[in-house]
Amino acid sequence: MTTSRQGHRIHGLATPCETARVVSPAVQQAHFPKNLPEGTSIHGMTRERKPITGQRGLDIVEFEIPLRDGAATTLRTYRQTTGTGKRFPVFVYMHGGGFVTGSLETDDAPCRAIAAAMDLIVVNVEYRLAPEHRFPTGFEDCFDVVRWRGQEELGADLTHGFILGGTSAGANFAAGIAHLALQESLAPRITGLVFLAGSFCHPDARPQEYLDRILSVDEIVVAPGLTRKSIDYYAGKYGAPPEDRRLSPLLFGSHAGIADRAYFAVCGLDPRRDEALLFGQLLEKAGLQTKVDVYPGLPHGFWSSCPGLDVSKEWLASLIAGMQWMIASSNAKEAIAPTAPDGNTAGRT
């Protein structure tokens, strides 16, 4: 099931006309960003990393872990200050920035908000950026974090929920990693995926069968945040072959089993819009439960550039609700114990 921001249910968006009806802007979002309220703060994206600022009720720490090539990367973790010794599920988060920019600061505020709202450890990942570190370095850095076995030291229990996600390039990493983690039988397995303004297929690698369903990358030529021209620029800096499934995870032959549930936030004025809607449908067809929030008329990652807008606050509330939906699924499965041959519930007294 997918829902637009207005709450309408959308099934089987198979034609351009059907897609258009969920991406037409609401009146208050028309002509964004020319109609922003006076005094709206617009945030740019940089590689800068700042010292941690404390927040009451949260433990926020940074540390390094080793990578496959002998380098190290920095993780910033967020969890509620409880002192109870309770072990939490984990959300591994990867920032956006077109593979070339962004940092732990890019989405520090949403990471804090998620950790403050629920019993969950958020792991914010710093990965190496292009063009200094071209494909597949950033992807492999993030995969190494997913494989990292030090989560227990953080007070984590991945059997309670192991969620992977990110924004834009980070969502792209998450989709590719989820498929490869399944292929190598990673345990504990990934249970949930979060795709925020994600990209899932290089425009030049679109399968013939989906050419009439991935149109936005050609149609949206003037938009704040991202256009086909900027997509090609970032892709050139990153250096991944278009057909490589680590860049174009839509091309994997099967999506079954990569997680139990997936949450999508899709922007209506985003060249990546159609591939995200399509990928969500393919995951649902493969057996995943999906929840999709569409933001008509709004550009790629608007919540990062204008976090003070009411619609950005709505986005954050919907994201947290989506996270809670995924954790609820993991907890429900954990509560169902296997049944012994005698018909009794194993492990229960």
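Visitor: Where is P136 found?

Guide: P136 is found in the loop between β6 (121-125) and α3. Keep in mind as we go that this is a predicted model.

Visitor: What kind of peptide bond joins F135 and P136, and what is omega?

Guide: The value to read here is omega. F135 and P136 are joined by a cis peptide bond, with omega at about 5 degrees. There is another such bond to look at: A187 and P188 are also joined in cis, and there omega is about -5 degrees.

Visitor: Where does P188 lie?

Guide: Look in the loop between α4 and β8 (192-196) for P188.

Visitor: Now the helices. At what angle do α3 and α4 pack?

Guide: Two values describe such a pair, an angle and a distance between axes. Helix α3 (residues 137-147) packs against helix α4 (residues 169-183) at about 55 degrees, and the axes are 10 Å apart. Angles of 65 to 115 degrees count as roughly perpendicular and those under 35 as roughly parallel, so α3 is oblique to α4.

Visitor: Is the crossing of α3 and α4 left-handed or right-handed?

Guide: Right-handed. On the α3 side, the contact is made by G138, F139, C142, F143 and V146, while α4 brings F173, G176, I177, L180 and A181.

Visitor: How do the residues of that contact of α3 with α4 divide by class?

Guide: The contact has 8 nonpolar residues and 2 polar ones, with no charged residue.

Visitor: Which residues line the second largest cavity?

Guide: Its lining consists of F91, Y93, D107, P110, C111, I114, T167, L196, W303, W315 and L319. By class, this lining has 9 nonpolar, 1 polar and 1 charged residues.

Visitor: Which elements each supply at least two residues of that lining?

Guide: These are β5 (90-94), α2 (108-117) and α9 (310-335). The largest share of the lining, 3 residues, comes from α2.

Note on methods: Residues are numbered from 1 along each chain as its sequence is written. This is a predicted model: local features need pLDDT of at least 70, side-chain atom pairs count only at pLDDT 80 or more; totals for chains, interfaces and linings use all residues. Side-chain values use heavy atoms; hydrogens and water are left out. On a 1 Å grid over the protein atoms alone, a cavity is a set of points where a 1.4 Å probe fits but cannot get out, and a pocket is an open set with protein on both sides within 12 Å along at least five of seven lines; lining residues have an atom within 4 Å of a point. Helices (H or I, at least four residues) and strands (E, at least two) are DSSP runs, numbered from the N terminus. Ala, Val, Leu, Ile, Met, Phe, Trp, Tyr, Cys and Pro count as nonpolar, Asp, Glu, Lys and Arg as charged, and the others, Gly among them, as polar. Axes are lines fitted to C-alpha atoms, for helices over the stretch in contact, and angles run from 0 to 180 degrees between N-to-C directions. Angles under 35 degrees count as roughly parallel, over 145 as roughly antiparallel, 65 to 115 as roughly perpendicular and the rest as oblique. A crossing is left-handed if the near helix is turned anticlockwise from the far one by less than a right angle, and right-handed if clockwise. Contact means heavy atoms within 4.5 Å.
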